[in-house]
Amino acid sequence: MVEVHNFAYGILNPGLAYLMSCLGCFLGLQCTQRARALAGAARARWLLLAAVSIGVTGIWVMHFIAMLGFTIGGQLIQYNVPYTILSMVIAVAVVAVGLLIVGFGGDGLRPLLLGGTILGIGVAGMHYMGMWAMRMPDTMHWNPGLVLLSVIIAIVAGTAALWAALRLHGGTLVLLGASLVMGVAVSGMHYTGMAALHVDSAPGSGMLSMGSGVSATSFLLPLILGISILTFLVTAVVTLAPTPEEIREDAALMERISRLSSELGQAPEPLARGAKSVTAGDRSAWNRPDPQR
């Protein structure tokens, strides 16, 4: 059996991987809070953006930053490009399915458990697909017990993530705390799966025949850096977007405009257009008590 190292650079890789996981989860929770304040296609768009944030940054980037610290003495580990990209697609897809199931499935326990199970199995699949993308002259095999444990951790973590995403109420500190917990869960699943990996020395085995690979520094590291920069840009966009409270206030204002239009016997659209100019000039006028109530 070949000796492997998961912490070749000490605390740097697991620490940075954890921070990126927390950032992706926090950004995803911000998106889901806005999704809860909306309905229909608008809710779906925010949920899909949350899936990209959690799936790519919170899970996939975390996994491969941690994998940069995985080394085998005297060997160069390469990565198969199609399998690596496929693992990222899997991460986004399963998170999206889980969020959409819970986001449109109601508040019951059944959609939460279904979405969490799908999410957990998908995240575990993404993890092992990412490991399978490694190319080396040795053979890899896994401890079945630890593999099962990693899948269970992924399902529990996925269910908790969905609950937090669409049930948790609170401000930035609450979301930050939930993101820190989600980061621990994702990291715990990753390193449990890595502990299940064993490498046997078998020069000339079939691993390299499955397809050529590229080194981490020429492919994986630039890809991670690019996604990380994109993540910070998306963070800025989400920060500038209306908050859930502002979305609800706007919806309540439009509902009141529609009700007043109905009471006055006028068409809602012209009144709504007139209300925009009033709001721009003196928004407080729409917050005064209705004397007819």
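How many helices and how many strands are there in the protein? In this predicted model, there are nine helices and seven strands. Of the 293 residues of the protein, 47% count as buried, and among contacts between residues at least 6 apart in sequence, 86% join residues at least 24 apart.

**Helix α7**

- Helix α7 runs over residues 216–240, and at 1.5 Å a residue its 25 residues should span 36 Å, which agrees with the 35 Å that separates its end C-alpha atoms.
- The buried residues of α7 are Ala-216, Phe-219, Leu-220, Ile-224, Ile-227, Ser-228, Thr-231 and Val-238.
- An α-helix has 3.6 residues a turn, so residues three or four places apart point the same way.
- The elements against which the buried residues of α7 pack are the helices α1 (12–36), α2 (40–67) and α3 (81–104), together with the strands β3 (78–79) and β7 (214–215).

**Packing of α1 with α6**

- Two packed helices are described by the angle between their axes and the distance between the axes.
- For α1 and helix α6 (residues 172–195), the packing angle is about 130° and the axes are 8 Å apart.
- On the α1 side, the contact is made by Pro-14, Tyr-18, Ser-21, Cys-22, Cys-25, Phe-26, Leu-29, Gln-30 and Gln-33, while the residues contributed by α6 include Thr-172, Leu-175, Leu-176, Met-182, Gly-183, Val-186 and Tyr-191.

- Thr-57, which is found in helix α2, counts as buried because its relative accessibility is 3%, where the cut-off is under 20%.
- Although Leu-19 and Thr-57 are 38 residues apart along the chain, their C-alpha atoms are separated by 9.9 Å.
- Leaving aside neighbours within four places in sequence, Thr-57 is in contact with Met-20, Ser-21, Gly-24, Val-52, Met-62, Ile-227 and Thr-231.
- Among these partners of Thr-57, Ile-227 and Thr-231 are also listed with the buried residues of α7, and Ser-21 takes part in the contact of α1 with α6.

Note on methods
Residues numbered from 1 in each chain as written. Predicted model: local features only at pLDDT ≥ 70, side-chain atom pairs only at ≥ 80, totals over all residues. Heavy atoms only, no water. Helix = DSSP H or I, 4+ residues; strand = E, 2+ residues; numbered from the N terminus. Expected span 1.5 Å × (residues − 1). Buried < 20%, exposed > 50% of the residue type's maximum accessible area, 1.4 Å probe, protein only. Contact = heavy atoms within 4.5 Å. Axes fitted to C-alpha atoms, helices over the stretch in contact; angles between N-to-C directions.
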